[in-house]
Amino acid sequence: MLKRAAQWIVEQEIRRSYLKEEERSLYIYAYELLLNQVINIILSVLIACLFRAPLTVLVFLVCYIPFRSFAGGYHANTNLGCTVVSAAMLCCVCLLMDMEAVWWLKTVYPAFFVLSGYMVFRYAPVQDKNKPLDDLERVRYKKMSRVMWGLETTAGMVCYCRKVEQGLVIAIGHLLLAVILVLGSMKNRKNV
């Protein structure tokens, strides 16, 4: 569906001479990515409104997206799959933060940082067939994922010490990323 929409947009832009025919496939790919990002942003805003949790959604996305960009991990096979998994993760985070029974998580979440740190140092970056990494990128992404982990863990621990509940949001994001790193690594081993 996104590909058809992207193709239609590019077709219109080529007819109006805004784009060149010889670069059609590049523009289709770019518009497909753009449309997917717009859909994900709209879904995130809707989830934030539905759960009345704009700060939770914002903190999660601000911490999770750049960290995931460098650490890598499991990727869904389609844009729709990616969108569904992302929305489900965001809903789970909002539900967890909204539950009264979450008090015990607030006491143990520093362990999430330890676990995620182990996974990041062991596995990251985990490449995917859609995003292969050369040797130079692998070194840079490994370093950046470790730096991101360190910075976000520090922020999460400051929140923990000050009893700011958004530290738990960061910790849940790290735990989810740890799971995604393991799943991506398993998927890569299976495909070899």
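Which residue just after helix 3 takes a positive phi? I looked: G72 does, at about 75°.

**Ground rules.** I am working on a predicted model, where local features need pLDDT of at least 70, side-chain atom pairs count only at pLDDT 80 or more, and totals for chains, interfaces and linings use all residues. Residues are numbered from 1 along each chain as its sequence is written, and side-chain values use heavy atoms, without hydrogens and water.

**Helix 3.** I took helices as DSSP runs (H or I, at least four residues), numbered from the N terminus. Helix 3 covers residues 54–71, which is 18 residues. I noted a reach of 25 Å from first C-alpha to last, close to the 26 Å expected at 1.5 Å a residue. That expected span is 1.5 Å times one less than the number of residues. Next I checked burial (under 20% relative accessible area, 1.4 Å probe, protein chains only). Buried residues in helix 3 include F60, Y64 and F67. Their cover includes helix 2 (24–50) and helix 7 (135–161).

**Helix 4 and helix 8.** I looked up residues 79–98 and 166–191. The two axes (lines fitted to C-alpha atoms over the stretch in contact, angles from 0 to 180 degrees between N-to-C directions) come within 11 Å and cross at roughly 140°. Contact means heavy atoms within 4.5 Å. From helix 4, M89, V93, L96 and M97 meet L168, V169, I172, L176 and I180 of helix 8.

**S185.** I found S185 in helix 8. S185 counts as buried because its relative accessibility is 11%. Leaving aside neighbours within four places in sequence, S185 is in contact with Y123 and V126.

Terms used
Helices (H or I, at least four residues) and strands (E, at least two) are DSSP runs, numbered from the N terminus. Buried means under 20% relative accessible area, exposed over 50%, partly exposed in between (1.4 Å probe, protein chains only).
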